[in-house]
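Thanks, everyone. I'll walk you through one model this morning, starting with its charged contacts. Have the viewer open.

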Amino acid sequence: MSESVSSIPRFVPRAEVSRDAGASPTAREWARHAALFFVTALTVTWAGLVLLIPSGEVPEPTVAEPSTIFGYFLFVPTYYVQWMAALWSYALAHPAYLAKGATFAAALLAILLAHEAGHYVACRRYGVRATLPFFIPVPPPFLLGTFGAFIKIKSPIPSRRALFDIGVAGPLAGFAVLVPVALLALWTATPETRPLPTEGVLLFFNDPPLLRLLAGVMGVEDLPNIAPNPFHIAAWVGLLVTSLNLIPVGQLDGGHAIYALFGAKAHRRTGLAAFALMLLLAPLGWLWHGAPSGFVYAALLLVMLRVRHPAAGHETEQLGRARFYVAALTLLAFLLSFTPFPITVR
């Protein structure tokens, strides 16, 4: 959702880099990116309503069964529009749910914005030209109302230190916002009082280590069975995005860090090891949790493996001890965010 340094140009000498590599965005660019952010805030709020309004409280649309081929093509969009209109009408009649949807959007977008701002600020620090964050809205309820966010780097990365700093700045900044969101999730947690549905497929969202660790510290018992709240859902999604970005493969943020720390050969071997491990875990996820998430992870990593990581400038540059400490902190963030089986299907 939030891969941000996805296309790093090959290194060219600093003398060949345009003087305006770190030029400030124009007013038109600010307006375009702000408009995308605003629309994404609306779609994520709407998706939050889908997640937080209990099923059964919004009446099902009454759409007549189609009798022609053309009618079948119209059935799905007609049902969708009527259902979303009914959902919005219910939310307006129950402002508490509207507030929860907005809270979910604010928490999730704060995490994504912090992540992309970390990359962007690091780019500016090194004079690397980059766009403002692009937020991608998606009609709810698909993908939580957004495909995530990204920035596009438009000039070369001048050194290994720059590559490392730009790569890890995003996930660390996002994680710094994630922690208070997770604390708010547990502070506002209440037990689930509604019985589970007796029909249909049930999805259970397995909490990452950070949430389970904080729940133990804060004395929140039975974490898997708390009632849905906007901070909890936002923290869960944010941790999933962070863990995916920090997998040490290809041009993911974790891949950039490994490349900068240990070089091209180690980067390739680490990526292959991560892919092989996920491929081994995938059948266990299907067997134990009834979910194909492991296969989805493996497919994603396979695609990332096929994308060659471009060279950074000054390949022999030493990163220094401080960056290895930062790397250890980044590894800790990954371990606290990652769960190989995020969803259980029953």
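Let's begin with salt bridges. The structure holds two of them. By salt bridge I mean a side-chain nitrogen of Lys or Arg within 4 Å of a carboxyl oxygen of Asp or Glu.

Before the details, the ground rules. This is a predicted model, so local features need pLDDT of at least 70 and side-chain atom pairs count only at pLDDT 80 or more, while totals for chains, interfaces and linings use all residues. Residues are numbered from 1 along each chain as its sequence is written, and side-chain values use heavy atoms, with hydrogens and water left out.

Now the pairs. Asp165 and Arg125 meet through their side chains in a salt bridge, 3.5 Å from N to O. Asp165 sits in helix 4 and Arg125 in helix 3, residues 95–125, so this contact ties together parts 40 residues apart in sequence. Helices here are DSSP runs of H or I with at least four residues, strands are runs of E with at least two, and both are numbered from the N terminus.

The other pair is Arg323 with Asp165. Their closest N and O atoms are 3.0 Å apart. Arg323 belongs to helix 10, residues 321–337, and Asp165 to helix 4, so this pair ties together parts 158 residues apart in sequence. Put together, Arg125, Asp165 and Arg323 are linked in a network of salt bridges.

Which residues of the Arg323 and Asp165 pair are buried? Both are. Buried means under 20% relative accessible area, exposed means over 50%, and partly exposed is in between, with a 1.4 Å probe and protein chains only. Asp165 has 15% relative accessibility, so it counts as buried. Arg125 is exposed, because its relative accessible area is 60%.

Next, the overall fold. The chain has ten helices and four strands. In sequence order the pattern reads α-α-α-β-β-α-β-α-α-α-α-α-α-β. The radius of gyration is 22 Å, close to the 20 Å that the globule rule gives for 346 residues, so the chain is as compact as a globular protein of that length. That radius is taken over C-alpha atoms, and the rule is 2.2 Å times the number of residues to the power 0.38. The C-alpha trace spans about 65 × 45 × 45 Å along its principal axes. Of the 346 residues, 46% count as buried.

Patches are made of residues with over 30% relative accessible area and no salt bridge; like charges are joined within 9 Å, and nonpolar side chains (Val, Leu, Ile, Met, Phe, Trp, Tyr) within 5 Å. Accessible areas come from the Shrake-Rupley method with a 1.4 Å probe, and for residues only the protein chains shown count as cover.

Take the nonpolar patch. Leu183, Leu184, Trp187, Leu213, Val217 and Met218 make about 620 Å² of it. Helix 4 and helix 5, residues 209–218, are the elements that give two or more residues to it. Leu183 is placed in helix 4. Its relative accessibility is 34%, so Leu183 counts as partly exposed.

Now the charged patch. Arg28, Arg32, Arg129, Lys152 and Lys154 gather in a patch of positive charge on the surface. Lys and Arg count as positive, Asp and Glu as negative; His and the chain ends are not counted. The place of a charge is NZ of Lys, CZ of Arg, CG of Asp or CD of Glu. Where is Lys154? Lys154 is in the loop between strand 2, 146–150, and helix 4, 160–187. Lys154 is partly exposed, because its relative accessibility is 42%.

One backbone point. Asp222 is not a glycine, yet it has a positive phi of about 55°. The residue sits in the loop between helix 5 and helix 6, 230–246. Asp222 is partly exposed, at 48% relative accessibility.

Last, some C-alpha to C-alpha distances. Leu51 lies in helix 1. Leu51 and Ile233 are 182 residues apart in sequence and 8.7 Å apart in space. Glu60 is in the loop between helix 1, 27–52, and helix 2. Glu60 and Ala235 are 175 residues apart in sequence and 30 Å apart in space. Trp88 lies in helix 2, residues 69–93. Trp88 and Phe142 are 54 residues apart in sequence and 16 Å apart in space.
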